[in-house]
Amino acid sequence: MSEYIIDMQDIVKKFFIGEPNELTVLKGLTIQVPEHQFVAVVGESGSGKSTLMNIIGALDRPTSGSYTLDGVDIARASDSELSHIRNQKVGFVFQNFNLIPRTSALKNVELPMLYAGVSPRRRTERAKALLEMVGMGERMKHMPNELSGGQKQRVAIARALANDPAILLADEPTGALDSETGRLVMDLFHRLHDEQGKTIVLITHNDQLAEETERLIRISDGAIVDDVMKVAAS
Amino acid sequence: MNLRENIRLALSSLLANKMRALLTMLGIIIGIGAVIGIVTVGDSLTYAFTSTMADMGVGNIIVGLQQKENELTQITPVTYSMATPTADDLMTTEMLDQLQETYPEQMLAYSVTEAVGSGQARDGRQYANLSISGVNPGYVDANDFELLTGRFINESDLERGRNVIVVTDRVAENCNTTPDELLGKQLRVTLQDGNVQNFTVIGVYEYEASTMTAMMGGVSASDQDTTTGAYIPVTTAKKLTGGEDGFEMATVVVREGVDSAIFASTVHTFLNVFYQNNPDFQCMVISMDSMISLMGDMMGTISLAVAVVAGISLIVGGIGVMNIMLVSITERTREIGTRKALGAPNSAIRIQFIVEAVIICIIGGILGIVTGVVMGAVGASLLGYPAVPSVTAIILAVTFSAIIGIFFGYYPANKAAKLDPIEALRYE
């Protein structure tokens, strides 16, 4: 059992394998993230940042290398095992929120628990508590189209926390928000990190946001070019 | 992912596109509606037919004359009444009496009739319209006939050719009297050929508008003008019409417990002995039982044809559902990607969309049933029969639409389930 929540060894990801246009996007990355760490992964578009995020989030498997997430081997998991891992270990926060339309904030937060088979009563209880925590207790019955961007992202964060995942994986969470609401969302991440000790991976191209975290991993052309631990970030 | 949640989701996604959902359902609605409507009308027809048959007596065997097949009839195979039977060809009472004597165990009576036509009974200013038939005593057995008062025509009336008559209570009403008082009275009847005859009333029976008369549109505008049946001895009738002594048709009343279909062939063989040497005619025999089963076979064939047409329209409807599901899945690619990212297994996505397709089909099916029942009721009432909505057809319709939903929903749902979450999340 690894002491790291994320333990990636020599991760390689290739596309169009065996075809003339074969493409190596990730060229042997080794990343280890201990529990409670707030990490930022930065890189230009085309750097392999998104591919890395897909692998961290168990949406995709590496072509070679090993990856264990919270002690579970991802590299050799089947599709249905990956679904289960995503459900239990990963809390996704997307740039464009990706709330399910025509479904209330409460039902959106309940969704991961629904797939986990949590009983309706416990689902609702926990979803309500989470929405209260992110400051959305007043708008639980609202549909996504009745919420502002910042409110949607807070609902999405509550949803990401539903099954108490090992990591929160946020992909440009402030990218679609103005700087003020973006600030509020970042504050929420800091709160979750400081108060609840969440392990958070923030994917961004915004250096300013990345500077706020404990550790900064910079990726360029499928390789790590910088991995800086900042002292006493909190 | 439980079923209730899936149903809620499916309904909310249908409500978001009401018009589209309705248009998609249209194929199913029309298919199911047509089946239920046609089956309802068909059932009503069968019901009306069998109840009419029951009125006429299910156990009865009808015996009639049929032209023998010869070169002429083979060229033009319209066999019936090509030639008019002469006095020598007709069935005689002797033949029928002989039949009765030979098979007393199986045969209760026989009934022969001679139509006299319409007539009018007058009593001062009062009048009653009659439809007069000459009958024999067997008529009572052949038609479940019951008298209110008096007696029916008997053998001695027949032998002597008496001028006696059995009328309905409506005649008594029209003459401002009671059925009992009418008994023994002389009734002056003007026949359609102008001949005036006096008849003694010997019996009165209750008038009821039968299914048959209703079917023939025989209900007149006023009660006064309603034509009701009146019966006189068949021998008297023959004298009035000047008809030949004999019958083209007779009804054989079978005793209870006797298989009329089997006895029919016995009667057939027996009577045809008399026609062995007749160059033109032979006897044909129809049992009511066989007619009812014939009707049943006919309705079965019609039902099969309807089922085939309905099946085709439901398949077309199902393809419509499949098409709209494919559209819906394309529109909701990101949603599917999100669900997968949140940990939905492929099976949950598949079930979600199958449930949606099934819901479309079941709602379509229910709307189709409503349409069909209304159509059937309207159709049956136009034909003048009671509407009998078929419960079997309704249950089958709902089951079948659910099956269509599963069948045509599976492919799109499976396509959704197999989407790559990364591609789906990136979909614009």
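In this predicted model, the axes of helix 14 (residues 346-383) and helix 15 (residues 391-417) of chain B come within 7 Å and cross at roughly 150°. Axes here are lines fitted to C-alpha atoms over the stretch in contact, with angles from 0 to 180 degrees between N-to-C directions; helices are DSSP runs of H or I with at least four residues, strands are E runs of at least two, and both are numbered from the N terminus. Angles over 145 degrees count as roughly antiparallel, and helix 14 and helix 15 of chain B are therefore roughly antiparallel to each other. Their contact is made up of 21 nonpolar, 8 polar and 1 charged residues. Nonpolar covers Ala, Val, Leu, Ile, Met, Phe, Trp, Tyr, Cys and Pro; charged covers Asp, Glu, Lys and Arg; the others, Gly among them, are polar.

Turning to the partner chain, 18 residues of chain B are in contact with 18 residues of chain A, contact meaning C-beta atoms, placed from the backbone, within 7 Å. On the side of chain B that touches chain A, the largest share, 5 residues, comes from helix 13 of chain B. By class, that side of chain B has 9 nonpolar, 5 polar and 4 charged residues.

Chain B as a whole has 16 helices and 11 strands. Its C-alpha trace spans about 105 × 55 × 40 Å along the principal axes.

Residues are numbered from 1 along each chain as its sequence is written, while chains are lettered from A and ligands numbered from 1 in the order in which they are written. Local features need pLDDT of at least 70 and side-chain atom pairs count only at pLDDT 80 or more, whereas totals for chains, interfaces and linings use all residues.

Note on methods:
Parallel < 35°, antiparallel > 145°, perpendicular 65-115°, else oblique. Contact = placed C-beta atoms within 7 Å.
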